[in-house]
Amino acid sequence: ADPDIATVIQVAPAVRVAWAEQFGLKPGAVTNGKMVAALKRLGFDYVFDTNFAADLTIMEEGTEFLERFKAVLNGGVATLPMITSCSPGWIQFIEHNYPEHLENLSTCKSPHQMFGAVVKSYYAKKMGKKPEDMYVVSVMPCVAKKAEASLPDFSRDGDPDVNISITTRELAH
């Protein structure tokens with residue numbers, strides 16, 4: 001309700017279809033327009049698709065892989081294979097069960113965290129706002145994204161890149 005705060009929501013690709021089932025629509029129904037309209041009526045100023053950030057993550061991970069690969073080709077040392085860091089559940093699994101493979105994980109943020117960082121840097125500047133005046137919500141199919149959003153590594157000066165992450169079912173409720 002604060003007019004000085006820009007509310008931004010990003011929606012994961014799987015949510016675009018799964019949320020409609022919560023309202024009795026046919027499984028698999030693509031209802032992007034209805035979802036965007038609903039999010040705007042809920043009060044979000046800006047609605048984005050996380051696909052854009054997934055593309056950023058792919059580019060960053062590709063660059064990181066090429067750097068590692070070139071190091072090996074030039075006689076250096078690099079940890080391969082490189083494993084994606086897109087899933088916080090996957091990262092936690094590695095941390096708890098195979099910590100010897102932590103160096104194999106990409107150093108890139110997940111797409112929803114990368115999106116939050118872009119919103120609070122580039123987009124905030126473009127909108128003439130301070131990062132802390134951008135409130136970023138992620139709608140994700142994975143509950144592990146909630147814990148990821150609260151990690152101190154994903155914030156600047158105490159302001160999280162993603163303020164809150166909700167699930168598909170929570171959006172429907």
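A disulfide is a pair of cysteine sulfur atoms within 2.5 Å, and a search of the whole structure, which is a predicted model, finds zero disulfides.

**View 1. Cysteines without a disulfide partner.** Cys108 takes part in no disulfide, and the nearest cysteine sulfur, which belongs to Cys86, is 8.0 Å away. With a relative accessibility of 12%, Cys108 counts as buried, because buried means under 20% relative accessible area. For Cys142 the closest cysteine sulfur is again in Cys86, but the two sulfur atoms are 12 Å apart, which is too far for a bond. Cys142 is partly exposed, its relative accessible area being 28%.

**View 2. The whole chain, as an orientation for the close-ups.** The chain has 173 residues, of which 36% count as buried, and it contains seven helices and six strands. Followed along the sequence, these elements come in the pattern β-α-α-β-α-α-α-β-α-β-β-β-α. Along the principal axes, the C-alpha atoms fill a box of roughly 55 × 40 × 25 Å. Among the contacts between residues at least 6 apart in sequence, 70% join residues at least 24 apart. The accessible surface comes to about 10100 Å², and carbon and sulfur atoms account for 60% of that area. The side chains include 17 positive and 21 negative ones, with the centres of the two sets 9 Å apart.

View 3. Leu80 and Pro81 are joined by a cis peptide bond, for which omega is about 0 degrees. Most peptide bonds are trans. Pro81 belongs to the loop between helix H3 (51-73) and helix H4 (88-97), whereas Asn104 has its place in the loop between H4 and helix H5 (111-127). Asn104 is buried, with a relative accessible area of 7%.

**View 4. Ser110, in the loop between H4 and H5.** Ser110 is found in the loop between H4 and H5, and its relative accessible area of 1% makes it buried. When neighbours within four places in sequence are left aside, the residues in contact with Ser110 are Thr57, Ser85, Cys86, Lys145 and Glu148.

**View 5. Leu102, in the loop between H4 and H5.** Leu102 lies in the loop between H4 and H5 and counts as partly exposed, at 36% relative accessibility. Setting aside neighbours within four places in sequence, Leu102 is in contact with Ile94 and Glu95. Leu102 and Val8 are 94 residues apart along the chain, and their C-alpha atoms are separated by 32 Å.

View 6. Lys129 is found in the loop between H5 and strand E3 (134-140), and it is partly exposed, with a relative accessible area of 28%. Although Lys129 and Ile5 are 124 residues apart in sequence, their C-alpha atoms are 8.6 Å apart in space. The side chain of Lys129 reaches the backbone oxygen of Asp4 at 2.9 Å. Not counting residues up to four places away in sequence, Lys129 touches Pro3, Asp4, Ala6, Ala124 and Met134.

**View 7. Asp157, a residue with positive phi.** Asp157 is found in the loop between strand E4 (155-156) and strand E5 (159-160). The phi angle of Asp157 is near 50 degrees, a positive value in a residue other than glycine. Most residues other than glycine have a negative phi. Asp157 is exposed, its relative accessible area being 86%, since exposed means over 50% relative accessible area.

Note on methods
Residues are numbered from 1 along each chain as its sequence is written. This is a predicted model: local features need pLDDT of at least 70, side-chain atom pairs count only at pLDDT 80 or more; totals for chains, interfaces and linings use all residues. Side-chain values use heavy atoms; hydrogens and water are left out. Buried means under 20% relative accessible area, exposed over 50%, partly exposed in between (1.4 Å probe, protein chains only). Helices (H or I, at least four residues) and strands (E, at least two) are DSSP runs, numbered from the N terminus. Contact means heavy atoms within 4.5 Å. Accessible areas come from the Shrake-Rupley method with a 1.4 Å probe; for residues, only the protein chains shown count as cover. Lys and Arg count as positive and Asp and Glu as negative; His and the chain ends are not counted. The place of a charge is taken as NZ of Lys, CZ of Arg, CG of Asp or CD of Glu. A polar contact is a pair of N or O atoms within 3.5 Å; within protein, one must be able to donate a hydrogen and the other to accept it, and residues adjacent in sequence count only if both atoms are side-chain atoms.
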